[in-house]
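Here is a short briefing on one structure.

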Amino acid sequence: MSLTALFAAMLAAATPMADRDIAAPGPQGLLKGSWMGPEGAKVLVVLMIPGSGPTDRDGNNPRGLKAASLRLLAQGLAAKGIASVRIDKRGMFASAGAVPDPNAVTIDDYAADTRSWIAAIRAKTGVPCVWVLGHSEGGVVALDTAAARPEGLCGVIAVSTPGRPLGAVMRAQFHANPANAPILADADRALDALEAGRTIPAASLTPPLSMIFADPVQPFLINAFAKDPAKLAAATAKPLLIVQGKADLQVTPEDAKTLKAGQPKASLVLLPRVNHVLKTVEGDSRGANIATYADPNLPLAPGVVEAVADFVMGHPAR
């Protein structure tokens, strides 16, 4: 390699790659996302599914989550020569035109959109298959997608993904915080109804539960509560990587082990001092842990990018 070419390669490696727009067909309009990294028919591509609620393609949402975990992960993968596609969910942000009501949605709908993204990426690039990475609730979407065994799926990376049904996760989260003591009876009442497939009037619940279990989102929660991630993992025939931080306040290492038990062939990576948004946490302070959720300048914890990149590069596309 000439000195000029070497300098150009070094400059490219040191310069963060810019996002490029990409789209896929949605129910009533386009689903929108960002491509980052190299392009070509031989490039490894990771499709990233964001977590719950109004969470955008970067992993942020307007309720105080600004950690930018998915954007940072995309940058880390691009530096290793792996491309990624980060998406806005149907009805939200740049994908607002895909459906008129973002609350009128289910996990099944998100899985259908994931299949649309896989097909669109393959059509655009010529790659034989696409890796699907889901964070938190997005991991359940990724597993639900894989369980249907769609064409063009390389495998699944479940990051900070519950191993139990969402209702059980939410119940544990409510009970883990002593400050929730005054609302626990109402929380359990709502969860019991939704787990049984019944709606409950949100107005009958103590705030802030009336917002958490708002009437428009209850059909989504009923569908989500019916999904058992461990059973979905068991039905996944493609390679599966489970990445879990040991300092996660929302999903536990036991969840990751439950997923692993469901699919014994899966690879499991447990990362010490790593929390739900994939940042390093020093000590056991809940406040310090939560503070990382609002800091986009804090880098991803060591080992996160490496775990994903090593797994993807270690499995030939097919």
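Which cysteine does the disulfide join to cysteine 129? The partner is cysteine 154, with an S to S distance of 2.0 Å. Keep in mind that this is a predicted model.

**Disulfide**
- A search of the whole structure turns up one disulfide.
- The torsion about the S-S bond of cysteine 129 and cysteine 154 is about 95 degrees, so this disulfide is right-handed.
- The pair links distant parts of the chain, 25 residues apart.
- Cysteine 129 sits in the loop between helix H3 (107–125) and strand E5 (130–135).
- Cysteine 154 belongs to strand E6 (residues 153–159).

- Cysteine 129 has a relative accessible area of 3%; buried means under 20%, so cysteine 129 is buried.
- Cysteine 154 has a relative accessible area of 7%, so cysteine 154 is buried by that cut-off.

**Packing of H5 and H8**
- Helix H5 (residues 166–176) packs with helix H8 (residues 218–225), their axes 7 Å apart.
- The angle between H5 and H8 is about 105 degrees. Angles of 65 to 115 degrees count as roughly perpendicular, so H5 is roughly perpendicular to H8.
- On the H5 side, the contact is made by Leu166, Gly167 and Met170.
- H8 contributes Leu221, Ala224 and Phe225.
- By class, the contact of H5 with H8 has five nonpolar residues, one polar residue and no charged residues.
- Gly counts as polar, so Gly167 of H5 is the one polar residue in this contact.

Conventions. Residues are numbered from 1 along each chain as its sequence is written. This is a predicted model: local features need pLDDT of at least 70, side-chain atom pairs count only at pLDDT 80 or more; totals for chains, interfaces and linings use all residues. Side-chain values use heavy atoms; hydrogens and water are left out. A disulfide is a pair of cysteine sulfur atoms within 2.5 Å. Helices (H or I, at least four residues) and strands (E, at least two) are DSSP runs, numbered from the N terminus. Buried means under 20% relative accessible area, exposed over 50%, partly exposed in between (1.4 Å probe, protein chains only). Axes are lines fitted to C-alpha atoms, for helices over the stretch in contact, and angles run from 0 to 180 degrees between N-to-C directions. Angles under 35 degrees count as roughly parallel, over 145 as roughly antiparallel, 65 to 115 as roughly perpendicular and the rest as oblique. Contact means heavy atoms within 4.5 Å.
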